[in-house]
Amino acid sequence: MVERFPCQAPDCDATILEATVRKTGGFCMPCSQKQKRLERDLYIRSNQKVVNRFENITDPLEILMLMCEPPSQDPLVKDVIYPKSAAELCSSLSQTDAARLIDKCISLLETGHFSISIELAEALRRATTVDLSKLQAKLLELNELDSPFLFANANARIRDKLLRRIHTDPSGVFPALAWICDSLVVETFNRWRHEYAELTQYMLEAGWELTNSGERRNLCSDKCVQLVPVQNSSSTSGSCCIQETSKKCVNCGRVLIVLVDIGKQLIDELQLDANENIQVICCEFCSMFTTWFSELNDRHEYRNTQVELPGWSLTLSPMPRSALKAAKDLRSPYFAVGDFGKGLSQIGGYPTWLQTARYPKCPGCFSTMSFLLQVSTSDLEDSDGIYHGFKCSDGCRRFTAVCYQRT
Ligand SMILES: [Zn+2]
Ligand SMILES: [Zn+2]
Ligand SMILES: [Zn+2]
């Protein structure tokens with residue numbers, strides 16, 4: 001019989017052959033590999049160098065270019081992450097630098113660097129209202145219509161170029177037209193709405209819908225304020241996030257929260273249609289699995305469907321309380337569109353969709369509810385979900401809704 005020896009690792013019951021003992025010094029192969037991994041991790045941790053690619057660089061364009069570069073592949077190099085997002089950086093660009101950035105994006109397109117060019121251009125579109133017609137013309141010339149958002153608010157010349165393509169490439173052209181959504185686009189969409197069912201979705205992605213009578217109805221607001229972590233905020237406006245109510249969820253029994261309480265001052269600033277505070281109430285757990293409707297009246301009646309929660313939902317921990325507050329200044333309404341980083345929590349503006357755009361129907365009047373706010377859990381903890389808050393704004397105006405999306 002071949003003699004076997006016990007593995008030397010304290011928690012291991014494996015026995016090994018003499019040849020393995022000679023090779024590993026007494027450990028079974030899994031334990032030996034684990035040991036090597038730990039040694040390697042320790043080596044990396046103690047020898048890793050922090051490299052700041054942005055050191056001494058002051059040109060915002062150069063910084064933006066560096067931000068788009070992939071991180072170092074060397075495990076011994078730890079890249080410093082730039083403290084601002086690309087869109088934040090773009091929002092402080094001078095007119096001249098914005099024009100330089102557009103030229104840069106165009107030359108990147110011409111040399112085949114599509115993804116970097118589009119990433120930079122989207123950051124610029126998110127943060128500013130700068131005229132992108134030169135870039136849009138180039139995108140059209142190259143037939144590069146993968147980022148319809150870049151056509152938001154495009155001028156009539158660009159629109160007409162797109163309209164001329166409807167007969168040859170409607171599926172590529174409609175999403176971009178949806179972001180332009182001027183009166184001619186609205187008229188065109190109304191004409192094609194029965195022929196192309198997907199138009200409905202393109203309009204929702206761009207934040208509007210067609211009424212039965214063929215008019216445009218905005219589902220988003222052009223006024224937007226960021227919800228920032230409390231410690232960074234010097235705001236005094238009465239808007240609080242994630243506070244517990246005294247009510248319990250009828251479905252899971254956990255305490256209901258006010259996701260965001262929008263005070264009168266902010267209601268005026270954002271030109272929201274309400275005479276008193278808007279409190280968006282939900283169960284932070286059940287709303288992950290169902291649309292959570294809540295009635296806006298003195299008694300805050302709740303109307304939510306029973307939903308079967310998956311077993312693992314029991315391990316979910318509540319979000320930190322009172323951790324976000326409205327910032328002092330308004331920001332671009334497009335700031336959060338198509339972004340996946342931090343700083344996406346906001347009231348007003350256009351939402352970030354981690355999946356398909358979805359606007360709930362009001363349970364009181366069946367009209368499409370308008371986007372009101374979003375709370376991104378990455379602004380609160382190490383997590384990647386977004387709670388979207390909606391309000392019935394054109395119909396009965398009695399209900400709010402909360403939905404949840406994650407990547
Ligand atoms: Zn072992
Ligand atoms: Zn619940
Ligand atoms: Zn309603």
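Two residues count as being in contact here if their C-beta atoms, placed from the backbone, lie within 7 Å. The structure is a predicted model, in which local features need pLDDT of at least 70 and side-chain atom pairs count only at pLDDT 80 or more, while totals for chains, interfaces and linings use all residues. Residues are numbered from 1 along each chain as its sequence is written, and chains are lettered from A and ligands numbered from 1 in the order in which they are written.

Take Cys 282 to begin with. Setting aside its neighbours within four places in sequence, Cys 282 touches Leu 256, Ile 257, Leu 259, Ser 287, Trp 292, Ser 294 and Val 402. A nonpolar core is a set of buried Ala, Val, Leu, Ile, Met, Phe, Trp, Tyr and Cys residues joined through C-beta atoms within 7 Å. "Buried" calls for 20 or more other C-beta atoms within 10 Å of a residue's own, "exposed" for 12 or fewer, and "partly exposed" is in between, with C-beta atoms placed from the backbone. The largest such core has 97 residues, and Cys 282 is among those with the most contacts inside it, along with Trp 179, Leu 259, Val 280 and Ile 347. Helix α9 gives the most to this core, with seven residues; helices (H or I, at least four residues) and strands (E, at least two) are DSSP runs, numbered from the N terminus.

Then there's α8 (residues 156–164), where Ile 158, Arg 159 and Leu 162 are buried. Seen down the axis of α8, the buried residues fall within an arc of 100°, so they line one face of the helix; the arc is that of the directions from the helix axis to the C-beta atoms. They pack against α7 (133–141), α9 (170–180) and α10 (183–192).
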